[in-house]
Amino acid sequence: MPYQVLADVVLTTHFAIVVFVIGGLAAVVVGHWRGWGWVDGWWFRLAHLAAIGVVVAQAWLGVVCPLTTLESWLRTRAREVAYGTT
């Protein structure tokens, strides 16, 4: 049971990162237009750029995301079907 819960936590974290990468771009465009000061902050821009950089590096290097690997391992431990297995 704890493995299944941990796998769900990893999945939720992974989803939140994806939303940050995709939604961050929309936030920058809309937020700059609407005058939201936080989207022009260096901390937000740097965090967003770093997240995009990690995704690009993984794609170029052909590396599977460590969160996907961890979630698959946890799901296997929980006796669930993991990604890429039948």
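The model is predicted, so local features need pLDDT of at least 70 and side-chain atom pairs count only at pLDDT 80 or more, while totals for chains, interfaces and linings use all residues. Residues are numbered from 1 along each chain as its sequence is written, and side-chain values use heavy atoms, leaving out hydrogens and water.

**Confidence**
- The chain has a mean pLDDT (the predictor's confidence in each residue, from 0 to 100) of 91, and 93% of its residues reach 70 or more.

**Helix α1**
- Helix α1 covers residues 2-34 and bends by about 35° at G23.
- Its buried residues (under 20% relative accessible area, 1.4 Å probe, protein chains only; exposed is over 50% and partly exposed in between) are A7, V10, H14, V21, G24, A27, V28 and G31.
- What covers these buried residues includes α2 (42-61) and α3 (66-77).
- After α1 comes G35, with a positive phi near 85°.

**Q58 in helix α2**
- Q58 sits in α2 and is buried, at a relative accessible area of 18%.
- Leaving aside neighbours within four places in sequence, Q58 is in contact (heavy atoms within 4.5 Å) with V63, C65 and P66.

**Aromatic rings**
- Rings of Phe, Tyr and Trp (its six-membered ring) pair if their centres lie within 6.5 Å; planes under 30 degrees apart count as stacked, over 60 as edge-to-face and the rest as tilted.
- By this rule there are 5 aromatic pairs.
- W38 and F44 are edge-to-face, because their planes lie at 90°, with ring centres 5.2 Å apart.
- F44 is buried at 7% relative accessible area, whereas W38 is partly exposed at 41%.
- Ring pairs link F20, W36, W38, W43 and F44 into a cluster.

Conventions:
Bend = angle between axes of the 7 residues up to and from the residue. Helix = DSSP H or I, 4+ residues; strand = E, 2+ residues; numbered from the N terminus.
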